[in-house]
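Colleague: I would like to learn how to read a model of this kind, feature by feature. Could you take me through one, giving the general idea before each case?

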Amino acid sequence: MEDCELCGRPTETVYVLNIENVEMRTCAKCAKGKKVIRTESYAEPKKAKMQATSARPRQVSDDDKVLIEDYGFTVRRAREKMHLPIKVLAEMLNEKEHLLVRVEEQKTKPTIELTKKLEKALRIKLTEDAVEESRAYTNKVSESATIGDFVGE
Ligand SMILES: [Zn+2]
């Protein structure tokens with residue numbers, strides 16, 4: 001989705017117009033009768049812009065959900081609790097083993113899709129509310145209390 005530069009309405013298909021040699025990105029309605037260079041479809045979600053400076057290593061993973069900071073440790077602990085080799089988990093989720101390794105090492109952030117698959121398979125929660133953190137916090141207290149075990153080793 002992108003907002004039309006002329007009327008401001010969000011549009012799934014962007015019409016790129018040439019208006020006096022200036023590119024304008026508009027909706028279908030505003031493009032009517034104008035010179036259209038090309039169209040772009042937003043059926044595939046655009047990658048969120050990386051924030052250059054962020055005090056906290058968080059990334060918005062959904063509209064109002066953020067990945068918890070210790071997502072990798074949470075995945076690994078839950079998986080080990082279930083005595084599930086990472087290879088088997090990878091097969092279960094139809095994902096690459098090395099990707100899961102990187103996620104557990106917190107080197108790669110899982111996609112929304114993978115996050116949901118991991119949450120379901122391991123019965124864990126990897127996201128929290130971006131706006132109302134207090135609500136997610138109550139579910140997380142016992143989790144974060146044991147994180148020191150991992151970091152300390
Ligand atoms: Zn428009």
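**Reading the core, a helix and a sheet**

Modeller: A nonpolar core is a set of buried Ala, Val, Leu, Ile, Met, Phe, Trp, Tyr and Cys residues joined through C-beta atoms within 7 Å, where a residue is buried if 20 or more other C-beta atoms lie within 10 Å of its own, exposed if 12 or fewer, and partly exposed in between, with C-beta atoms placed from the backbone. Here the largest nonpolar core has twelve residues, namely V66, L67, I68, Y71, V75, A78, L89, L100, V103, L118, L122 and L126. At least two residues of this core come from each of β6 (65-67), α2, α4 and α5 (112-122), and α2 supplies the largest share, three residues.

This is a predicted model, in which local features need pLDDT of at least 70 and side-chain atom pairs count only at pLDDT 80 or more, while totals for chains, interfaces and linings use all residues. Residues are numbered from 1 along each chain as its sequence is written.

Colleague: How many helices and strands does the protein chain have, and what pattern does it follow along the sequence?

Modeller: Helices (H or I, at least four residues) and strands (E, at least two) are DSSP runs, numbered from the N terminus. The protein chain has seven of each, and along the sequence they follow the pattern β-β-β-β-α-β-β-α-α-α-α-β-α-α. Of the 153 residues in the protein chain, 18% are buried.

Colleague: Which residues of helix α4 are buried, and what do they pack against?

Modeller: In α4 (residues 97-104) the buried residues are L100, V103 and E104. Because they fall within an arc of 95° when seen down the axis of α4 (the arc being that of the directions from the helix axis to the C-beta atoms), these residues line one face of the helix. Contact is assigned when the C-beta atoms of two residues, placed from the backbone, lie within 7 Å, and the buried residues of α4 pack against α2 (71-81) and α3 (86-93). Leaving aside residues up to four places away in sequence, L100 touches I86, L89, A90 and E95. Just after α4, Q106 takes a positive phi of about 60°.

Colleague: What is the strand order in the open sheet, and which strands stand at the edges?

Modeller: Two strands pair if DSSP finds at least two bridges between them. The open sheet of three strands has the order β4-β3-β5, with antiparallel pairing. Since β4 (22-26) and β5 (36-41) stand at the edges and each has a single partner strand, one side of each is left without a neighbour in the sheet. Strand β3 (residues 13-19) is joined to β5 by five bridges; V14 stands opposite E40, and T13 has S41 as its bridge partner. Five bridges also join β3 to β4, where Y15 stands opposite T26. The hairpin of β3 and β4 has two residues between the strands, and E20 takes a positive phi near 50° there.

Colleague: Where is confidence lowest and where is it highest?

Modeller: The pLDDT is the predictor's confidence in each residue, from 0 to 100. The protein chain averages 81, and 71% of the residues score at least 70. Confidence is lowest in helix α6 (residues 133-145), at a mean of 50, and highest in α4, at 97. Over residues 50-55 the pLDDT is below 50, and this stretch has zero contacts in the model beyond near neighbours in sequence.
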